[in-house]
Amino acid sequence: MEVRRKERIDRGIKVRSEGIYCVSSPKEMLYVAGPRLLLIAGLLLLPLVLEMAPYWKRVVNIMCVYGLLAISFDFLANVVGLVCLGGAMFIGVGGYMTAIFNVYLHCPVFLAIPLAGLSGALICTVLLLPCLALRGVYFAIVTLMYPLLFTRIIEALNILGGTNGITGLDSFPNPYLENYVIIVLLLIFLFGLRRLMDEDIGLVLRGVKDNDQSVRASGINVAHLKALAVFITSFIGCLGGAYLAHLYMWAGLSLFALDFSIIPIAAVTIGGGGSMMGAVIGTFILVPLSEFLRFFGTFRIVIYCLILTGFIVFRSEGLLTYFARKYDQFERWAKI
Amino acid sequence: MLEAKELMVFYENMLALNNVSITAETGSVIGIFGSNSAGKSTLMYTLAGIMLDIKKKEEMRGGERITLFGALTLEGRDISNLPAHARAKLGIVLCPERRRIFPESSVLENLKIGSYLTGIRERKKNLEYVLGVFPRLHEFLGRQGGFLSGGEQQMLAIGRALMANPKVLLLDEPLLGLSPVYQKIVIEAIKEIRKTRGITIVVSEQYSRPVIPIIDKGYIIENGSSILEGTKEELMDNPDVKSAYFGI
């Protein structure tokens, strides 16, 4: 009997355009930049294409907010090794901070959002500092508790508008700005984080995930690094929250909803972790899908869960890993 | 008798094992020698069936594709496609490289986990036997595995494998990182297990000098291929082997 096996070979163009070789021909440039350009162009054109469907434009906005949360979750979980279920905390803190700046202190929208991002990130980092030594599931539990804590505090003390929330936030000056602010933010942070991963600090952060004792032995303060990583992620999350509050013109307790913690994780699972890009692709599939499934009412949760379970069981590598492999490699049968 | 015929293992496009055939007669001690990256651990994992698990895991993760070829038989029965736990039930028990004991369980608990498949009566008998082979473990029965020294952990790992009543005991680098004193203890233990239990033992090791006197047959593996096989005298008499592997 003839014995053969399927082998995977890198495409020639991948080998030529990678590593020690430099990109030389337009074809190679397109090969490298193509998928990225496709994503950027697609995102930038989306609001124009959906001109006639304001509802779906809003879905795109929310999708991008979830995208921000998903890349921050992916960064913290798959690069630094801290499983953070605190998406809701970031969104809530960011939303309330921008409300404070905008409504109480009368800052304009485009000053309130960055200020809310920074101050919110500071608050989240300080709150999470004592837990940074915790690993795995303990850190996850703590981050999951904080949103509940905030909700109860606001409810019980009746501060910051209590259960009614803070109303009267400024909206964006025009609908295009509303779309493009969040799209550009997503693109900046997506490519920024990917760049950060390739820098020295990204390497060290990955080292923290693999073996923090060895990182300490190299003379690097792990606690500082983790705090920095948490600051970056909570900054991204808080910006998303601040944007969302201005989108709704309202900051309320529903900003601390569990959805903001759960959907990003699901998105990373579907898209494939560790590359940020997978997280974004995951949200672009999941959020519109849940809108389509709205037709089924509450039953959509069941369908949602089934799809997720299917992905985890049968394709836990994630869509991006799968498609990247098809893009970079071809398969053929080889005789042995 | 454990028989492996023309084993081939590919990690993606890298050939890790190339046409390796091994025959281990019942009750004999087989030595597998080779330097780092020669394919010893791959061979041990393939014999124990753990390679199938790794293969599945990599497929799920989208990592390297592992391809296996060849036939494995235990006493005439084809076990090539049996998963690791089923092979353990048949009596092929691996004592993995770097011990892999359960660090947060006590020594006694570690041993008990090893005897999960056997009944209570067997467990008692085996426990006595293991403590007979490694009398030093007596002192540590209540201590956490993770706090033992490397040598003690190795004794525990071999003990745990023995608790499963193996027919074929696979020892992957049992001397790794051990002092000469502990090396001697382990080697003596292997000798005694062979004498009292009469089971097949496959030992893989880089540093073959302490192991070579106790083997019946040895294989030398280089770059995934078995380049030489023979009795210990045949191996010892080969001039290349002498200089390369035994440092004589």
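Colleague: Setting aside neighbours within four places in sequence, what is A:Ile71 in contact with?

Modeller: This is a predicted model, to begin with. In it, A:Ile71 is in contact with A:Phe189, A:Leu190, A:Leu193, A:Ile236, A:Met276, A:Ala279 and A:Val280, once neighbours within four places in sequence are left out.

Colleague: Which residues have the most contacts inside the largest nonpolar core?

Modeller: A:Ile71 is one of them, along with A:Leu68 and A:Cys238. That core has 83 residues. Helix H3 of chain A, residues 54-80, gives the most to it, with 15 residues.

Colleague: And is there another core apart from that one, and which residues are among its members?

Modeller: Another core, of 66 residues, lies apart from it, and its members include B:Leu43, B:Val107, B:Phe134 and B:Leu171.

Colleague: Back to chain A. Where is A:Phe75, and why does A:Phe75 count as buried?

Modeller: A:Phe75 is in helix H3 of chain A. It counts as buried because it has 27 C-beta neighbours inside 10 Å, and the cut-off for buried is 20 or more. Beyond four places in sequence, A:Phe75 is in contact with A:Val80, A:Leu193, A:Thr233 and A:Met276.

Colleague: How many residues are in H7(A), and what does it reach end to end?

Modeller: H7(A) covers residues 175-198, which is 24 residues, and reaches 36 Å from its first C-alpha to its last.

Colleague: What about H10(A), what should it span?

Modeller: H10(A) runs over residues 222-248 and has 27 residues, so at 1.5 Å a residue it should span 39 Å. Its end C-alpha atoms are 39 Å apart, which agrees. A:Met249 follows H10(A), and its phi is positive, near 55°.

Colleague: Switching to chain B. How many helices and strands are there?

Modeller: Chain B has 10 helices and 10 strands. Its radius of gyration is 18 Å, close to the 18 Å that the globule rule gives for 248 residues, so chain B is as compact as a globular protein of that length. Its C-alpha trace spans about 45 × 45 × 35 Å along the principal axes, and 40% of its residues count as buried.

Colleague: How many residues of strand E3 in chain B are buried?

Modeller: 5 of its 5 residues, 29-33. B:Val29, B:Gly31 and B:Phe33 are buried on one side, and B:Ile30 and B:Ile32 on the other.

Colleague: Why two sides?

Modeller: Because side chains in a regular strand alternate between the two faces of the sheet.

Colleague: Which strands are joined to E3(B)?

Modeller: E8 (200-205) is joined to E3(B) by 5 bridges, running parallel, and B:Ile32 stands opposite B:Ser204 there. E9 (217-222) is joined to E3(B) by 4 bridges, also parallel, with B:Gly218 as the bridge partner of B:Gly31.

Colleague: Last thing. How many residues of chain A are in contact with chain B?

Modeller: 11 residues of chain A are in contact with 10 of chain B. On the chain A side, strand E1 (4-10) and helix H14 (319-328) each supply at least two residues. That side divides into 3 nonpolar, 3 polar and 5 charged residues.

How values were computed: Residues are numbered from 1 along each chain as its sequence is written. Chains are lettered from A and ligands numbered from 1 in the order in which they are written. This is a predicted model: local features need pLDDT of at least 70, side-chain atom pairs count only at pLDDT 80 or more; totals for chains, interfaces and linings use all residues. Two residues are in contact if their C-beta atoms, placed from the backbone, lie within 7 Å. Ala, Val, Leu, Ile, Met, Phe, Trp, Tyr, Cys and Pro count as nonpolar, Asp, Glu, Lys and Arg as charged, and the others, Gly among them, as polar. The radius of gyration is taken over C-alpha atoms; the globule rule is 2.2 Å times the number of residues to the power 0.38. A residue is buried if 20 or more other C-beta atoms lie within 10 Å of its own, exposed if 12 or fewer, and partly exposed in between; C-beta atoms are placed from the backbone. The expected span of a helix is 1.5 Å times one less than its number of residues. A nonpolar core is a set of buried Ala, Val, Leu, Ile, Met, Phe, Trp, Tyr and Cys residues joined through C-beta atoms within 7 Å. Two strands pair if DSSP finds at least two bridges between them.
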